[in-house]
Amino acid sequence: MTVKFFHKFQIEKSQPPYSFLYLSPLHLRFVLKQTLLRGNTKMSRGGSASGGGAKGKKKGATFTIDCAKPVEDKIMEVASLEKFLQERIKVGGKAGALGDSVTVTREKSKIVVTSDSNFSKRYLKYLTKKYLKKNNVRDWLRVIASNKDRNVYELRYFNIAENEGEDED
């Protein structure tokens, strides 16, 4: 059902409509605000549900995976991780079809993933862990967000020496 409100907003509801006839203007504004916060309605005013805002801006993201320690010990190769990410990252529901929106590049022992649109940092960690499991090094390596910069993941060894010291006591 479509209800016109002050000829500026158009609210579409799939649920039974509120009875706008019996509400005071203050209560009507409260109900309208609550339904918009829940995301149950579609508002059309200038083409944007947020009522304005910056148009045409895309949120880009750049993430780095630092593989320096395992590469120094020759446990893994950066090229294979780069290839794995290029094949497995999904864009628009299709794996491997990165297009121009996502780029995966290699710099010495680091891999840089740059995205023009929204890209989940957690998804990148998931894929890195999947790669480690596939190459049977997940038991020795872990993926940790760097303390210095939150857009950098590091591959570090588990601290096995601490556990051995506790066993001797």
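This is a predicted model: local features need pLDDT of at least 70, side-chain atom pairs count only at pLDDT 80 or more; totals for chains, interfaces and linings use all residues.
**Exercise 1.** Classify the contact between the rings of Phe63 and Phe119, and state which parts of the chain the pair ties together.

Solution. 
- Step 1: The ring centres of Phe63 and Phe119 are 6.2 Å apart, and rings pair if their centres lie within 6.5 Å.
- Step 2: The planes of these two rings stand at 40 degrees, so the pair is classed as tilted.
- Step 3: Phe63 belongs to strand E4 (residues 61-66), while Phe119 sits in the loop between strand E8 (110-115) and H4; the pair therefore ties together parts 56 residues apart in sequence.
- Step 4: Both Phe63 and Phe119 are buried.

**Exercise 2.** Decide how the rings of Tyr123 and Tyr126 are arranged, and whether these residues are buried or exposed or in between.

Solution. 
- Step 1: From centre to centre the rings of Tyr123 and Tyr126 span 6.3 Å, with 25 degrees between the planes.
- Step 2: Planes under 30 degrees apart count as stacked, and the Tyr123-Tyr126 pair is stacked.
- Step 3: Tyr123 and Tyr126 are three residues apart in helix H4, which means a separation of about one helical turn.
- Step 4: Tyr123 has a relative accessible area of 22% and is partly exposed; Tyr126, at 46%, is also partly exposed.
- Step 5: Together with Phe63 and Phe119, these tyrosines form one aromatic cluster.

**Exercise 3.** Identify the residues of the positive surface patch and the elements that give two or more residues to it.

Solution. 
- Step 1: The patch gathers Lys83, Arg88, Lys90, Lys130 and Lys134.
- Step 2: Helix H3 (78-88) and helix H4 (121-134) each give two or more residues to the patch.
- Step 3: Arg88 is placed in helix H3 and is partly exposed, at 30% relative accessibility.

How values were computed. Residues are numbered from 1 along each chain as its sequence is written. Side-chain values use heavy atoms; hydrogens and water are left out. Patches are made of residues with over 30% relative accessible area and no salt bridge: like charges are joined within 9 Å, nonpolar side chains (Val, Leu, Ile, Met, Phe, Trp, Tyr) within 5 Å. Accessible areas come from the Shrake-Rupley method with a 1.4 Å probe; for residues, only the protein chains shown count as cover. A salt bridge is a side-chain nitrogen of Lys or Arg within 4 Å of a carboxyl oxygen of Asp or Glu. Lys and Arg count as positive and Asp and Glu as negative; His and the chain ends are not counted. The place of a charge is taken as NZ of Lys, CZ of Arg, CG of Asp or CD of Glu. Helices (H or I, at least four residues) and strands (E, at least two) are DSSP runs, numbered from the N terminus. Buried means under 20% relative accessible area, exposed over 50%, partly exposed in between (1.4 Å probe, protein chains only). Rings of Phe, Tyr and Trp (its six-membered ring) pair if their centres lie within 6.5 Å; planes under 30 degrees apart count as stacked, over 60 as edge-to-face and the rest as tilted.
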